[in-house]
Amino acid sequence: MNAYIFPGQGAQFSGMGLDLFEASGLAQDLFNKANDILGFSITDIMFEGDAEALKQTKVTQPAIFLHSVILSKVLGDTFQPDMVAGHSLGELSALVANGTLNFEDGLKLVSQRALAMQKACEFQPSTMAAVLGLEDQIVEDVCTNTPGIVVAANYNCPGQLVISGEIDAIEAACETMKEKGARRALVLPVGGAFHSPLMEPAREELAAAIENTNFNTPTCPIYQNVSTTAVTDPSVIKENLMAQLTAPVKWTQSMQQMISDGGTNFIEVGPGKVLQGLLRKIDRQVTASSAVLPE
């Protein structure tokens with residue numbers, strides 16, 4: 001079965017999407033429509049901007065979404081998903097790819113999500129850290145026993161977990177992780193504590209936008225970050241998407257469930273190869289590749 005997976009924040013690069021724009025009239029139409037919806041020329045930043053310009057949350061999230069979604073549409077009849085999933089932001093790309101959301105509504109939600117998260121970050125300084133080489137249970141226990149707000153946020157693959165929370169709590173947890181034998185416990189250069197309780201203001205704002213958006217019955221199941229299981233009911237998809245900003249991204253568990261349900265051929269749609277790398281650490285038996293433009 002074909003499993004299409006969509007990357008999240010961090011996969012952006014200068015020049016992203018230019019090959020799509022140059023190769024396809026459909027891509028040009030969609031990129032131009034995106035500029036109109038967003039109210040600024042995101043294509044200028046994607047195609048010509050430097051890393052610093054691409055790093056702004058209001059740019060990064062729509063840019064990755066556009067790269068992924070437009071690529072999936074340009075693939076045409078070769079795009080035949082039996083199941084989809086997306087890492088954090090990538091969940092919205094996956095929901096457009098499987099027909100739950102239309103292009104315009106998906107982009108508007110991504111833009112609102114980015115701005116709401118930015119606001120939450122400015123409201124309370126916070127951060128995230130990558131922990132390598134520890135079992136999930138140990139990481140979870142350290143978070144529970146560290147004073148302040150610090151939680152497990154991204155279950156990326158076995159031995160790689162990202163924690164999220166208040167700056168002091170994250171730094172204290174990192175020291176404890178090293179004492180427990182972590183290979184690395186490294187504070188990340190991010191603007192805030194994504195997928196933690198500190199994103200509650202952003203969750204409330206996005207939930208209102210999701211509530212007012214039409215969700216269709218998808219063409220194939222999505223394995224959502226919050227639930228990790230196959231979902232096709234639009235009302236359940238909405239609930240999971242609302243919960244996503246303050247809940248952990250259970251990527252390892254989602255991939256394991258997709259494999260258990262028959263996923264054998266995993267195709268990453270969008271910039272970079274991060275998800276393929278994670279998948280190899282989750283299960284080396286499945287094939288993983290990048291979606292490529294048709295000749």
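**Entry 1: helix α12**

I looked up what covers the buried residues of α12, and the list includes β1 (2–6), β2 (83–86), β4 (150–157), β7 (222–223), β9 (265–268) and α13 (274–282). Contact here means heavy atoms within 4.5 Å, and buried means under 20% relative accessible area (1.4 Å probe, protein chains only). Helices (H or I, at least four residues) and strands (E, at least two) are DSSP runs, numbered from the N terminus.

I noted that this is a predicted model, where local features need pLDDT of at least 70 and side-chain atom pairs count only at pLDDT 80 or more, while totals for chains, interfaces and linings use all residues. Residues are numbered from 1 along each chain as its sequence is written, and side-chain values use heavy atoms, with hydrogens and water left out.

Which residues of α12 (251–260) are buried? I found Trp 251, Thr 252, Ser 254, Met 255, Met 258 and Ile 259. Down the axis of α12 they fall within an arc of 165° (taken from the directions from the helix axis to the C-beta atoms), so they line one face of the helix. After α12 comes Gly 262, with a positive phi near 110°.

**Entry 2: the core**

Next I checked the largest nonpolar core, which has 62 residues. Such a core is a set of buried Ala, Val, Leu, Ile, Met, Phe, Trp, Tyr and Cys residues joined through side-chain atoms within 4.5 Å. α5 gives the most to this core, with 9 residues. Leu 66 and Ile 70 have the most contacts inside the core. Among the residues Leu 66 touches are Phe 31, Met 46 and Phe 103.

Terms used:
Buried < 20%, exposed > 50% of the residue type's maximum accessible area, 1.4 Å probe, protein only. Lists of a residue's contacts leave out its neighbours within four places in sequence.
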